[in-house]
2 protein chains.
Amino acid sequence: VCQYAALVRARTLALRLERDSHLPLPQQLALGIIEQIRSGVLAPGEVLPGTRTLASSLGVHRNTVVTAFEELVAQGWLETSSASHTRVVSELPIGDKLSPRRRVPGAGFDVAAWSNSARAFQALPFDVLDFTGGLPDARLFPAALLARAFRRGLRRSPHALLAFGDPAGHLGLRRGIAEMLHSTRGLAVDAGDIFVTRGSQFALHLLSLAILRPGDAVAVESPGYPSVREAFRLPGATLVPIRVDGEGLDVATLAKKSAKRHVRAVCVTPHSQDPTTVTLSARRRLTLLELARHHRIVVVETDYDYEFQFEGVPVMPMASNDEHGVVVYVGTLSKALAPGLRIGFVVAPPELMRALVALRGQIDRQGDHATEQAVAELLEDGEILRHSLRARRVFQARRDGLAHLLHHHLGSALEFEVPRGGLALWARAADDIDVDAWAADSLAAGVRFFTGRHYSPTGRALPYLRLGFAHLDEGELDRAVRVMARTLPRE
Amino acid sequence: VCQYAALVRARTLALRLERDSHLPLPQQLALGIIEQIRSGVLAPGEVLPGTRTLASSLGVHRNTVVTAFEELVAQGWLETSSASHTRVVSELPIGDKLSPRRRVPGAGFDVAAWSNSARAFQALPFDVLDFTGGLPDARLFPAALLARAFRRGLRRSPHALLAFGDPAGHLGLRRGIAEMLHSTRGLAVDAGDIFVTRGSQFALHLLSLAILRPGDAVAVESPGYPSVREAFRLPGATLVPIRVDGEGLDVATLAKKSAKRHVRAVCVTPHSQDPTTVTLSARRRLTLLELARHHRIVVVETDYDYEFQFEGVPVMPMASNDEHGVVVYVGTLSKALAPGLRIGFVVAPPELMRALVALRGQIDRQGDHATEQAVAELLEDGEILRHSLRARRVFQARRDGLAHLLHHHLGSALEFEVPRGGLALWARAADDIDVDAWAADSLAAGVRFFTGRHYSPTGRALPYLRLGFAHLDEGELDRAVRVMARTLPRE
């Protein structure tokens, strides 16, 4: 009778073993028994069927059961009782029977308020024509060359590229970036001065953690790029918005503010301000450097689109004129490559560089050196320069195409200067247009763009829109502008 | 005479143009003139040589000079004076003549104190045999398969992999990881529950920023992994060290502490504690889950080496038993792959997941989807499982080899249990041995290992050492242990 009861019990345990699973049978069995204890099917103190009975019930070798039991005894789920029976330990702190497990349950703790300040990620429907971002066109990128360089690198030095390396970046890429900055932007740097980051955004994140303490004042451009504000807000800095006019950041206002309280850092985009596309005037550059020297302000110079100057000469970075070590230069290769390749860089005074590299070691240890090596190879072979020049011609044509389309379809609604460089156009809307309503209606109709509000530190409505044109081809630009014309609200 | 003086002046300007430079000639000329203004060679208000004179002096077409001048006028460096001369603007705020530029100058600002708390990165000499880290052996990894998968992915969908994608990770990889966690670790998850990070370290960084505010109490294992403490200290949390004994984290002590003040989170390594390699007992697991439910504590469960169980059954993660949404499960593929491939993952309740993904979008936008896709393909093809099984056999042999070598060469100095899983061994040194002096002498002789002090939250000396064996082959282990025996200090 006892034998029969045990057999019945063995069946009711409903332990399912799968022969073709990755898991060895004893482990499957052990996990199944734990599950039965957890769910209350096996009660604390309950004696389990014998190993032979359970084995025959399950159709496995007895050793499978013995191994599983031994393991569960070692783990503290089962214990061997005096009569050489095995039973569930009696003191497991399982109170009530537990409800069947939800998949991933809701949080049993509180999610901190500040994490909610992060803008939630929302995937766009696949067919939205997206003017946001000022991105290059990933479709133009020579992906096959990248794949080949990736493979060549892994063949040549698999161990070095797959083991831990220098958190400051793959040496070949640091050399290539230094050479590029030296020959095209006048920076007297070598590989040791270059810190490779995961895009410029990651550089801003590291910088904000390295230089800011809660309550520090940081000056930002207004209007300006929201990610800059988010990066500086994260460690609790106080933002000091400084207005941008036709000459760029209003340095005189910054001077006034920094006379009143110490401004720890200022983030500025001298080459092509985001969103307005204006260039910081020579006069203001020099005044800003002098101001920073005097007040020991960190000048974070961000530079997104130096490669994409369509007319005239790109203005050299302030970093190339930095006599006093006040400038931290943040740039990116993601625009010359493709947005999904997160390759940015920082040039900073050595003391700060050491702090940034140490911090980076804590955060994600290092970049993907296999990818960094591949990009270094493309840089050295001149492929990135060739690609940039090709892309620049394409983007210039798209810029002109967009300007033409806007004049044609939205001539009375928008006023703008055709930007001499960069991947976006900044347009002022006529007074009778509610740009935010327009943006919402356009999005509903399949075209997304950001309005001035997106760039305002205070979230104030501004009668502007920014149109990133480079990643949309002529046909897409045409469709997008027609949608904008159709959804244009006028009072 | 005036013409002659202008020509002389043109020569003294020493503007050098390079025909084979990437930069167009007008741009080179413009940059050169800016440099001359910056360095004081061209004074504020000085009239420049005429375009014809300068062109002939430089051996370029006159249009080159005209273009450069126009650009510099637009940028605000030059102005056209009444007599149709061009001169340097007079109000540039350049005071004294500036000294020749140093390369990258020392910082003109103060580097914040807390960034110094980051341990500086120090590259090891190439030939040091390194026991630290508990790393897998990158030399065993099938790099060619990864390169092939990378290329195939870029060929199939270059645009999707190179444009912006989901910050939560490449969907294929999320699916693969969910499948793996489901079939081998009992987690009822699908792709939507998986967040791909750059290694588990980046996951801890994101978590600490998402859930902690300055002053929050976070319980950590003592001894424990230093990176965990660094991650939690960054946003200003207060660490509450809880001792680890033969059953793992002392949950009763945690209960006492959390009765006194709210403990926001506890970080625990139930499967194989770092550094001690002990497994958290079943009893304590359940008590900890109950404690967390009651006090709304976030249980951060880190799991580094689930794949590498040499004997017995790996204990299922606490996350597989999490009824109340208190567990955040952090794991890594870097151990099953190679350390330089930064692929980790988080499973968390949906509210927290949304916050983490939004935060990640701010920090580095997203991972490398081309690499993530390649890893997903290896996962799906079973290559990673095959590699793990192969590697497990190799690592088991190395573990046994190390245990034998230690018994043979250091039998009286060390006491240890051979770990049943994981990539490192934790050994207690005899009382008369100064382990820190030993570590220093060993390093000088070419072998590095960490002592108990490295893992102590208070930096206290502990008579232990941790030896990561998996990335050293038998010959290297032999050489390393012989060096340790030679440098063994005894009183």
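How many bridges join strand β6 of chain A to β7(A), and do these strands run parallel or antiparallel? In this predicted model, strand β6 (residues 238-245) of chain A is joined to β7(A) by two bridges, and the two strands run antiparallel. Within this pairing, A:Val244 has A:Leu249 of β7(A) as its bridge partner.

Both strands belong to an open sheet of eight strands in chain A, whose order is β4-β11-β10-β9-β8-β5-β6-β7. The pairing in this sheet is mixed. In general, the strands of a sheet pair through backbone hydrogen bonds, in either a parallel or an antiparallel manner. The edges of the eight-stranded sheet are formed by β4 (194-197) and β7 (248-249) of chain A, each of which pairs on one side only.

The loop between β5 and α9 of chain A contains A:Pro223, and the peptide bond from A:Ser222 to A:Pro223 is cis, with omega near 0 degrees. A cis peptide bond also leads from A:Asp274 to A:Pro275, here with omega near 15 degrees. A:Pro275 is located in the loop between β8 and α11 (282-295) of chain A. In the loop between α11 and β9 (298-303) of chain A lies A:Arg296, a residue other than glycine with a positive phi, near 55 degrees.

A further open sheet in chain A consists of four strands in the order β12-β13-β16-β15, with antiparallel pairing. Its edge strands, β12 (414-416) and β15 (450-451) of chain A, each pair on one side only. Between strand β13 (residues 424-429) and strand β16 (residues 464-468) of chain A, five bridges are formed in the antiparallel sense. A:Ala424 stands opposite A:Gly468 of β16(A). Helix α14 (residues 383-410) of chain A lies across β12, β13 and β16 of chain A. The direction of this helix is at about 150 degrees to that of β12(A).

Chain A is also in contact with chain B, and the contact involves 124 residues from chain A and 126 residues from chain B. The area buried between the two chains is about 11,600 Å², with carbon and sulfur atoms giving 60% of this area. Eight salt bridges are found across the interface of chain B and chain A. One of them joins the side chains of B:Arg198 and A:Asp368, with an N to O distance of 3.0 Å. Across the interface of chain B and chain A there are also 29 residue pairs in polar contact, both residues being at pLDDT 80 or more.

On the side of chain B that touches chain A, at least two residues each are supplied by α2 (25-39), α4 (62-75), α5 (143-156), α6 (158-162), α7 (171-185), α8 (199-211), α11 (282-295) and α12 (350-363) of chain B. The largest share of this side, 11 residues, comes from α12(B). Classified by residue type, the side of chain B that touches chain A comprises 71 nonpolar, 27 polar and 28 charged residues.

Technical notes:
Residues are numbered from 1 along each chain as its sequence is written. Chains are lettered from A and ligands numbered from 1 in the order in which they are written. This is a predicted model: local features need pLDDT of at least 70, side-chain atom pairs count only at pLDDT 80 or more; totals for chains, interfaces and linings use all residues. Side-chain values use heavy atoms; hydrogens and water are left out. Contact means heavy atoms within 4.5 Å. Buried area is the accessible area (1.4 Å probe) that two parts lose on being put together, summed over both. A salt bridge is a side-chain nitrogen of Lys or Arg within 4 Å of a carboxyl oxygen of Asp or Glu. A polar contact is a pair of N or O atoms within 3.5 Å; within protein, one must be able to donate a hydrogen and the other to accept it, and residues adjacent in sequence count only if both atoms are side-chain atoms. Ala, Val, Leu, Ile, Met, Phe, Trp, Tyr, Cys and Pro count as nonpolar, Asp, Glu, Lys and Arg as charged, and the others, Gly among them, as polar. Two strands pair if DSSP finds at least two bridges between them. Axes are lines fitted to C-alpha atoms, for helices over the stretch in contact, and angles run from 0 to 180 degrees between N-to-C directions.
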